[in-house]
Structures are given as C-alpha cells and as structure tokens.
Amino acid sequence: MYSLQYHLVWCTKYRKKVLKDGIDAECKEMLYDLAEEYKFQILAMEVMPDHIHLLVDCRQQFYISDMIKIMKGNIARQMFLAHPELKKELWGGHLWNPSYCAVTVSDRSREQVCSYIEGQKEK
C-alpha cells in the first residue's frame, strides 16, 4: 500500500501567457490522457496562462523528474503541432521553463493544497 502525492508546478518559458483561449482546456485534456496512460491520478489541476498546478498521486516506481519530463515533453510536442503560432511567441521553440517545483503532500495537507490549486483562477 502506498500513496505518494506531489504538488507540481511548472511555468511557460519566459512566463509568457500562452496557455489561454482554449489552449488551457487542451492542456488539461492532455494531462488527463497522460495520467491514464502512465497510471497516475490527478487529484487537482489548474492551468493558468503562464503556469500549471497539479496535485498527483503516483506509484513509487516513478521518479518525479521522469514524470515531469513526460508531461512537459508530451504537452509541448502536441501543442506545437496543434498551434504552430505558439513558436512565434516563444524564442528558441521551447514551451516550458526547464525548472519545476515538486512538493510532497501528506494526508493532513491534501485538502489545503487542493483548495489552493482550485482557487488559482479566482485570484
């Protein structure tokens, strides 16, 4: 029995506000598809114009760095194919900043993190 939960945050390159006008909804759909494919659970998610918040529960076999690489790489590839105009706004053809934030979440703090993520659009 295990429960490994992480609050993950990563930003677009140069914090460009490109995840809007329907692209945010596409990102969410892609992330749910990846969660199904790689067998991790998304407990909370919000896609902001320049960053993504996720609360995930995953198997202990996953290295968090590998999960991030899979998510960022797949989304970038699909987004650039579906929306080539994004490359004009982002120098060098990169959608994401190379860094990310990963914070472990306990059963005690899970509800607080979920509320924080779900309240992002309201700010």
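**View 1. Lys87 lies over the face of Phe80, 5.2 Å from the ring centre.** A charge sits over a ring if NZ of Lys or CZ of Arg is within 6 Å of the ring centre and within 35 degrees of the ring normal. The charged end of Lys13 likewise sits over the ring of Tyr14, at 5.5 Å from its centre. This is a predicted model, in which local features need pLDDT of at least 70 and side-chain atom pairs count only at pLDDT 80 or more, while totals for chains, interfaces and linings use all residues. Residues are numbered from 1 along each chain as its sequence is written, and side-chain values use heavy atoms, with hydrogens and water left out.

**View 2. Trp10 and Trp96 belong to one of two aromatic pairs in the structure.** Rings of Phe, Tyr and Trp (its six-membered ring) pair if their centres lie within 6.5 Å; planes under 30 degrees apart count as stacked, over 60 as edge-to-face and the rest as tilted. The centres here are 5.9 Å apart and the planes stand at 85 degrees, so the pair is edge-to-face. Trp10 is buried (under 20% relative accessible area; exposed is over 50%, partly exposed in between; 1.4 Å probe, protein chains only), at 1%. Trp96 is buried at 8%.

**View 3. The rings of Phe40 and Phe62 form an edge-to-face pair.** Their centres are 6.5 Å apart and their planes at 90 degrees. Both Phe40 and Phe62 are buried.

**View 4. Tyr2 touches Cys58, Arg59 and Gln60, not counting residues up to four places away in sequence.** Contact means heavy atoms within 4.5 Å. Tyr2 is partly exposed, with a relative accessible area of 38%.
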